[in-house]
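Okay, everyone, thanks for coming. Let me put the structure up and we'll walk through it together.

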Amino acid sequence: MDTTVAIELAVNGTPVGRRVEPRLCLADFLRYDLELTGTHVGCEHGVCGACTVRVDGALVRACLMLAVQADGCRVETIEGVSGTGEVSDLQQAFAEANALQCGFCTPGMLLTAHEILQREPGADPARIRLALSGNYCRCTGYQAIVDAVHRVGGARGRETR
Amino acid sequence: MKPAPFVYHRPASLPDALALLERYGAEGRVLAGGQSLVPALNMRLATPGALIDINRIPGLDEIRLGAEGLVLGALARLDAVERSPLVAAHAPLIAQALPHVAHLAVRTRSTVGGGIAHADPAAELPACLVALGGTVRALSRRGSREIGAAEFFRGVCTTALGPGEVLTAVVVPRLAPGWRSRFDELARRHGDYALVALAAHARVADGTLAEARLVLAGVGATPVRAARAEAALAGRRMDAAALDAAARALAEELDPPSDVHASAALRRHLAGVLLRRAVRGLLEA
Ligand SMILES: Cc1cc2nc3c(=O)[nH]c(=O)nc-3n(C[C@@H](O)[C@H](O)[C@H](O)COP(=O)(O)OP(=O)(O)OC[C@H]3O[C@@H](n4cnc5c(N)ncnc54)[C@H](O)[C@@H]3O)c2cc1C
Ligand code: FES
Ligand code: FES
């Protein structure tokens, strides 16, 4: 018996149609069905932040959303925002500040950091640290990440002034 | 791990959702934000036969000020509630509590209805709803009813909702003149469930707390109202001796659990710390 469900969505601007098992989470759909492996899967219960993506503009955990729930939605992954250059300043700052080592947490960190800076352009290091507390990094010790995000926040502020 | 297989339904209306719940009985589960249910599915702590996804039912996400008070629809997302000027003005306790719930990418999906229906004993929203004297609106094929927050929470993740019943909204009474709120909690890490949380709501008059409602999370199976500490505060000048007496009354009336996160003694101590902070905050504000 075919238990799959048809879904249609836009992933990084490209229309996608597939049949999926209802129990397939969005993160596994992106990774295995679409081979967009920049979305990482660490804990599968919402704690580590490695799977963070955007759905209809909102930051979400792709491990806690079913692929069927993304039917009709606009999904953006790290591949998408890298392609558009939306986070290129953050990516460069991460490289310069040594804010990544193994890189496992980096896609989720970049998407979360970008959202923080959009909501609170002048966020100070304490606010940035608080907002990133839902994203685990097992390598860097976080200081370099907070530095990089803070630096970009300042640079973006100077640009718009 | 991955979830066990289930059938997925996405009803477009409340009557359709109720019919599906009736059809599946104990095998059916409402899926709202999924931020508690999907982890349980992933870990196979929950293995329902059918998920009834209510996310696309129109009108359930309202945040509205009505004659009865502030109405928060079951599907109002915590991120939207946190940023709502209506909530800031009419339920400041909830506005203060929400930044403590999980993290941004979890709050964008988490719903008011899910947070109340899930009834985690350490959760912030249930404590706020009890402190504010709110009500829960529930709907089933038998009709609708309103349940007072104090009667709604029955045990660990157990509520007054019956089989086939869906939570449609919660209602918080309008903020009465002179009433102020303070929410604070202590957790191991920001965004974790609280070790202890205190939702304090009080009427301030002549530099005293004329009436106080104190509700704690993380210290019992449900939100716990601290009636003796409330009495110890009511109408007193809050000098050091009075604060000590209130903290002592609170420690005596609480019977918190010991678990891997904290001992009962630590939780009792932290409750006193939160009480002192809340009293100071309420009187200063
Ligand atoms: C990493 C992480 C940290 C968290 N930290 C906190 C925290 O600090 N404090 C906190 O309070 N919560 C926390 N949560 C959980 C919180 O965010 C949940 O989302 C919330 O408790 C459940 O809401 P939901 O909308 O996601 O519900 P779901 O997960 O969809 O549902 C939860 C339960 O409620 C039932 N249900 C949902 N909606 C209805 C309805 N309208 N009618 C009847 N039944 C319904 C479901 O059937 C299910 O049994 C955390 C979650 C994560 C992933
Ligand atoms: S894999 Fe989704 S939060 Fe960890
Ligand atoms: S760089 Fe390795 S987990 Fe963050």
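So, salt bridges to begin with. This is a predicted model, and over all chains the count comes to 25 salt bridges. Here's one of them: in chain A, Asp89(A) and Arg156(A) meet through their side chains, with 2.8 Å from N to O. What I like about this pair is that it links distant parts of the chain. Asp89(A) sits in helix H3 of chain A, residues 88-97, while Arg156(A) belongs to helix H6 of chain A, residues 143-160, and the two are 67 residues apart. As a reminder, side chains of opposite charge can pair when their charged atoms come close.

Now, how many salt bridges run across the interface of chain B and chain A? The rule finds 4 there. One to look for on the screen joins Arg10(B) to Asp71(A), again side chain to side chain, at 2.8 Å from N to O. Polar contacts between chain B and chain A come to 14 residue pairs, counting pairs with both residues at pLDDT 80 or more. And which parts of chain B supply the side that touches chain A? The elements giving two or more residues are helix H2 (37-42), strand E3 (50-53) and helix H6 (104-107) of chain B. Sorted by class, that side of chain B has 15 nonpolar, 8 polar and 9 charged residues.

Still on the interface, here are the totals. In contact there, we have 32 residues of chain B and 27 residues of chain A. Between them the two chains bury about 2400 Å², and 54% of that is on carbon and sulfur atoms.

Let's go into chain A. You'll see an open sheet of 5 strands, in the order E2-E1-E5-E3-E4, with mixed pairing. Strand E2 (14-20) and strand E4 (58-61) of chain A stand at the edges with a single partner strand each, so one side of each has no neighbour in the sheet. On average, neighbouring strands of this sheet are turned by 40 degrees against each other, if you ignore direction.

Zooming in, strand E1 of chain A, residues 5-11, pairs with E2(A) in the antiparallel sense, over 7 bridges. Within that pairing, Ile7(A) stands opposite Arg18(A) in E2(A). Then there are helices packing on the sheet. Helix H1 of chain A (residues 26-33) touches E1, E2, strand E3 (52-55) and strand E5 (74-76) of chain A, and its direction makes about 105 degrees with that of E2(A). Helix H4 of chain A, residues 106-119, also packs on the sheet. H4 touches E3 and E4 of chain A, with its direction at about 50 degrees to that of E3(A).

Over to chain B, then. Here 3 strands make an open sheet, ordered E1-E3-E2, and the pairing is parallel. Strand E1 (7-9) and strand E2 (28-31) of chain B are the edge strands, each pairing on one side only. Neighbours in this sheet are turned by 25 degrees against each other on average, direction ignored.

E2(B) and E3(B) share 4 bridges in the parallel sense. Last stop is helix H1 of chain B, residues 14-24, which lies across E1, E2 and E3 of chain B and runs at about 170 degrees to E3(B).

Conventions. Residues are numbered from 1 along each chain as its sequence is written. Chains are lettered from A and ligands numbered from 1 in the order in which they are written. This is a predicted model: local features need pLDDT of at least 70, side-chain atom pairs count only at pLDDT 80 or more; totals for chains, interfaces and linings use all residues. Side-chain values use heavy atoms; hydrogens and water are left out. Contact means heavy atoms within 4.5 Å. Buried area is the accessible area (1.4 Å probe) that two parts lose on being put together, summed over both. A polar contact is a pair of N or O atoms within 3.5 Å; within protein, one must be able to donate a hydrogen and the other to accept it, and residues adjacent in sequence count only if both atoms are side-chain atoms. Ala, Val, Leu, Ile, Met, Phe, Trp, Tyr, Cys and Pro count as nonpolar, Asp, Glu, Lys and Arg as charged, and the others, Gly among them, as polar. Two strands pair if DSSP finds at least two bridges between them. Axes are lines fitted to C-alpha atoms, for helices over the stretch in contact, and angles run from 0 to 180 degrees between N-to-C directions.
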